Amino acid sequence: MNAQPTEGIRKASPPAQRGKLHVQASGVTKSFGNHQVLTGVDFTVASGEVSCIVGPSGSGKSTFLRCLNALETYDDGTLLVEGRHVGYEFREGRYYEWNTKQFAAFRSRIGMVFQRFNLFGHFSAEENVACALMEVRGFPKAKARARALEELGRVGLAEHSHKRPHQLSGGQQQRVAIARALAMDPEIMLFDEPTSALDPELVDEVLEAMKALARAGMTMVVVTHEMGFAREVADTVHFFDEGAIVESGPPAEVLANPRKDRTRAFLAKVL
Amino acid sequence: MSPAPRRNHRPTQLSGPDGTTVPVVALKHRERWILGALALAVFLWLAFTMATNPNIRWGKVAEYLFFPKIIDGIWITLMISVLATVLGLVLGVVLAVMKLSANPVLNWLSTLYIWFFRGTPVLVQLIFWYNLAFLFPTLVIKIPFTNVGYLWNTNDVMTGFTAALLGLGLNLAAYFAETVRAGIQAVDTGQTEAAYALGMTPGKRMRKIVLPQALRIIIPPTGNEFISMLKTTSLVYVVAGNDLMTNASQIYKQNNLIMELLIVASLWYMVMTAIATFFQSKLEARYGADAVRLVRKPGVLLKTVSAAKSATPRAADDVAAAGKDLS
């Protein structure tokens with residue numbers, strides 16, 4: 001894909017890393033009680049690639065996304081993110097479970113955008129972005145503040161920096177959430193249905209911010225119901241059903257000419 | 001009685017069926033006047049019998065109102081209230097976090113603590129701490145397996161004042177822990193997820209993200225706990241804590257002016273409660289207690305005491321209860 005850094009947008013990952021696999025999952029399973037949510041997911045994302053995961057509600061796509069930054073544990077299979085086994089450290093022939101510090105350090109390199117924004121309610125937009133810079137990266141206050149304003153400017157919210165989340169529209173809140181994740185200089189960005197909780201007229205501003213990010217070469221995994229976005233931006237579309245990926249490929253293939261019946265049935269409903 | 005719907009504007013005339021202007025006759029609310037008059041009559045009768053009771057020497061009430069020993073007692077009462085509340089709040093937060101911890105031992109100990117201190121009367125706890133010397137005649141803090149450290153005579157340490165602090169503070173902690181726990185649990189789990197996703201550790205998430213937001217829910221009951229504590233300190237008189245109630249009782253035991261001194265004490269408790277209520281309303285306003293406003297409506301007392309906008313009818317009840325506790 002075209003990953004030329006555009007002015008005013010985040011720089012692309014260094015060329016040396018191009019093509020490197022950011023995420024490698026094979027046979028990932030997960031159960032909640034008796035209900036098996038993930039039945040064996042095989043999935044890869046290369047550096048600079050935009051991957052969209054589509055599929056019916058309850059198919060396990062959000063759960064899988066949350067496994068990628070260890071917000072959810074997986075039961076079995078291999079899950080490598082940035083070349084590290086998520087949740088375990090391999091040492092001297094054994095897997096050692098991560099401690100809280102290792103989890104935190106791992107997650108701080110992975111940006112996550114939630115369906116319900118999850119902005120910190122007691123902070124202004126600027127503090128939302130600056131908070132983790134200070135607490136996790138150890139930035140001094142002035143530096144964190146400057147960086148926060150810069151990131152908010154990128155998503156077009158510089159003049160709203162002093163507002164609390166409840167004073168912002170859903171679209172603005174989600175853009176603050178994107179700025180908050182980007183401020184941490186993530187290696188990869190995860191989006192969990194970022195536009196599903198938005199009023200229809202606010203969806204575009206969030207999708208535009210995400211498209212700009214994709215153009216800048218960010219590695220992205222996007223769980224979405226926005227087929228238009230997937231068609232336009234995705235390098236690969238994965239169709240998720242009953243806890244596994246049924247079909248993967250370029251959007252032109254999966255969305256226009258699905259090979260599997262289940263994919264066809266789903267697309268017939270949403271398109 | 002359900003409240004009548006309120007209207008901002010009551011028109012005195014409206015246009016009638018034939019287009020001409022017709023006057024509006026206001027509803028008289030006769031039953032409201034009658035019930036109000038009856039209630040007022042009962043109240044005035046009670047007030048009158050109290051005020052004119054020949055057995056109450058109001059002159060003595062006035063005489064003792066600013067008696068030095070009473071004023072000293074007020075300071076001690078305030079000090080015990082503030083310190084015991086602070087102890088209770090700090091320990092309450094610790095207990096709440098323990099109770100929510102993934103560590104089963106901490107969890108279990110917190111539950112045990114809460115059960116124990118809520119399950120025993122505070123009066124028993126006060127007397128227990130006061131008499132701690134029966135169990136431990138001396139208190140020792142030293143480096144283990146050495147003789148380096150400090151030693152105190154328990155009776156010197158466990159004065160009425162410290163017994164009051166411990167008894168009331170530890171007791172409050174048990175109740176407050178439940179309030180804090182509810183507050184923490186009321187914070188959306190999405191906040192925790194976002195904090196983790198940004199790379200915060202569980203401790204940072206709690207301190208920077210969850211607790212500050214839980215405060216909105218925790219703060220309003222804290223004011224009530226303090227107001228309640230102001231009056232609960234009167235129990236301290238069983239361990240001679242030199243507080244307002246202890247001093248008032250010492251005076252009336254000498255001169256037998258029981259009612260007069262109880263009235264003096266009640267008046268001061270009411271003043272303290274009113275002031276505390278005022279500050280509580282400030283706290284609530286500060287923490288934008290939208291949630292609080294949903295469950296409480298402004299009270300009359302505070303509108304008169306302060307210009308503050310939000311107040312609590314509960315606090316007005318507390319003022320009334322201040323007198324009742326002592327009678």
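Which residue of chain A forms a salt bridge with B:Glu193? The partner is A:Arg66, with the closest N and O atoms 2.7 Å apart. A salt bridge here is a side-chain nitrogen of Lys or Arg within 4 Å of a carboxyl oxygen of Asp or Glu.

This is a predicted model: local features need pLDDT of at least 70, side-chain atom pairs count only at pLDDT 80 or more, and totals for chains, interfaces and linings use all residues. Residues are numbered from 1 along each chain as its sequence is written, chains are lettered from A and ligands numbered from 1 in the order written, and side-chain values use heavy atoms, leaving out hydrogens and water.

**Interface of chains A and B**
- Two salt bridges are counted between chain B and chain A.
- In contact (heavy atoms within 4.5 Å) are 18 residues of chain B and 22 residues of chain A.
- The buried area is about 1700 Å²; this is the accessible area (1.4 Å probe) that two parts lose on being put together, summed over both.
- Carbon and sulfur atoms give 65% of that area.
- B:Glu193, B:Ala197 and B:Leu198 supply 34% of the area that chain B buries against chain A, more than any other three residues.

**Aromatic rings and charges**
- A:Lys143 lies over the face of A:Phe139, 4.2 Å from the ring centre.
- A:Arg180 lies over the face of A:Phe120, at 4.6 Å from the ring centre.
- Such a charge has NZ of Lys or CZ of Arg within 6 Å of the ring centre and within 35 degrees of the ring normal.
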